[in-house]
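I opened this notebook to record what I looked up in one structure. The entries follow the order in which I went through the topics.

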Amino acid sequence: MVNKIEVKNLNVFFEGVHAVKNLSLEVKEHDILGIIGPSNSGKTSFLKALNRLNELYPNSRTSGEILLDGVRIKEIDKHSVRKRVGIVFALPLPFPLSIFDNIAYGPRMHGIKNRARLSEIVEKSLKAAAIWDEVKDRLQTNAFKLSGGQQQRLCIARTLAVEPEVILYDEPCSGLDPISTLKVEEAMQELKKNYTQILVTNNVKQSARVSNRTAFFLMGEMIEIGETKQVFTVPKDKRTEDYITGRFG
């Protein structure tokens with residue numbers, strides 16, 4: 001399996017705070033990499049570095065290298081990076097539009113105007129996000145009328161509509177009930193066939209269920225990374241074991 005993402009000596013600073021420290025890791029194509037760790041461990045800062053979102057903050061600074069398919073992301077147009085590396089945030093943020101127009105928004109911004117083609121994209125994206133059967137008869141309904149779990153899957157579908165290669169998730173189930181969480185996790189497993197995914201979660205059990213590799217972050221440093229089963233059953237670092245078993249965090 002080839003590397004989709006390579007991170008080499010990444011450092012991220014926000015207003016003088018060293019949020020990510022000398023981070024190096026690789027993400028294989030079609031991986032689901034889970035990232036666990038307590039708050040203020042640099043997990044979200046790392047995610048935002050992967051699609052150059054940190055550059056939107058005037059007081060942020062990044063050093064080191066991030067390669068996407070072997071090319072430094074600094075050498076790729078930032079809009080292209082964000083199209084190829086999509087992100088789903090903790091709180092679902094649908095646009096105040098219909099379900100259809102939420103999904104069609106990105107493709108339209110990229111020049112697709114044909115209604116039949118847009119309909120194809122909307123259906124394909126909603127199916128991939130495991131929500132099509134729930135909304136196919138009400139595509140003109142305002143997205144705000146969906147439940148929280150449905151809104152989150154809608155946001156995943158909206159990300160898929162612009163055909164990314166990598167999907168980043170920043171605690172996507174933190175506000176969802178167990179049934180909605182299960183549906184999001186099932187969607188992620190299906191998406192593994194075609195996408196590389198990185199999941200930041202404060203729920204260690206979720207990483208154990210969903211990811212095939214897991215990294216443990218603490219105070220801006222990556223303490224350990226490995227196959228999920230190994231990290232959860234025979235962690236190499238006592239701090240990893242202490243966090244997974246609930247001794248802190």
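**Ground rules**

I am working on a predicted model, in which local features need pLDDT of at least 70, side-chain atom pairs count only at pLDDT 80 or more, and totals for chains, interfaces and linings use all residues. Residues are numbered from 1 along each chain as its sequence is written, and side-chain values use heavy atoms, with hydrogens and water left out. Helices (H or I, at least four residues) and strands (E, at least two) are DSSP runs, numbered from the N terminus.

**Entry 1: α3 against α4**

Two packed helices are described by the angle between their axes and the distance between the axes. I looked up both for helix α3 (residues 99-109) and helix α4 (residues 115-128): the axes come within 9 Å and cross at roughly 110°. Axes here are lines fitted to C-alpha atoms, for helices over the stretch in contact, with angles from 0 to 180 degrees between N-to-C directions. α3 and α4 are therefore roughly perpendicular to each other. The classes are: under 35 degrees roughly parallel, over 145 roughly antiparallel, 65 to 115 roughly perpendicular, and the rest oblique. The crossing of α3 and α4 is right-handed, that is, the near helix is turned clockwise from the far one by less than a right angle.

Next I listed the contacts (heavy atoms within 4.5 Å). From α3 come I99, F100, I103, A104, P107 and R108; they meet R115, L118, S119, I121, V122, S125 and L126 in α4. I sorted these residues into nine nonpolar, two polar and two charged. Ala, Val, Leu, Ile, Met, Phe, Trp, Tyr, Cys and Pro count as nonpolar, Asp, Glu, Lys and Arg as charged, and the others, Gly among them, as polar.

I then checked burial in α3. I99, F100, N102, I103, A104, G106 and P107 are buried, where buried means under 20% relative accessible area, exposed over 50%, and partly exposed in between (1.4 Å probe, protein chains only). What covers these residues? The cover includes α4, α5 and α6. After α3 comes G111, with a positive phi near 100°.

**Entry 2: α4 against α6**

The axes of α4 and α6 come within 8 Å and cross at roughly 130°. The two helices are therefore oblique to each other. This crossing is right-handed. S125, L126 and A128 of α4 make the contact with L154, A157 and L160 of α6. Five of the contact residues are nonpolar, one is polar and none is charged.

Beyond four places in sequence, S125 is in contact with I103, A157, L160 and A161.

**Entry 3: the cores**

In soluble globular proteins, nonpolar side chains tend to be buried together. A nonpolar core is a set of buried Ala, Val, Leu, Ile, Met, Phe, Trp, Tyr and Cys residues joined through side-chain atoms within 4.5 Å. Which members of the largest core touch the most others? Of its 32 residues, they are L126, I156 and Y169. Two or more residues each come from α3, α4, α5 (132-135), α6 (148-160), β7 (166-170) and α7 (178-191). I156 is in contact with V88, A129, Y169, V184 and L191, leaving aside neighbours within four places in sequence. I also found a second, separate core of 29 residues, including V7, L53, V81 and V85.

Q152 lies in α6. At 1% relative accessibility, Q152 counts as buried. Outside four places in sequence, Q152 touches V88, F89, A90, P92, P172, L176 and V184.

A49 lies in helix α1 (residues 43-50). At 7% relative accessibility, A49 is buried too. Its contacts, leaving aside neighbours within four places in sequence, are L10, V12, N54, I66 and I73. I also looked up V20: its C-alpha atom is 9.8 Å from that of A49, and the two residues are 29 apart along the chain.

**Entry 4: positive phi in loops**

E15 is not a glycine, yet has a positive phi of about 50°. Where is E15 found? E15 is in the loop between β1 (3-14) and β2 (17-28). E15 is exposed, with a relative accessible area of 62%.

M219, also not a glycine, has a positive phi of about 50°. M219 is found in the loop between β9 (213-218) and β10 (221-227). Its relative accessible area is 57%, and M219 is exposed.
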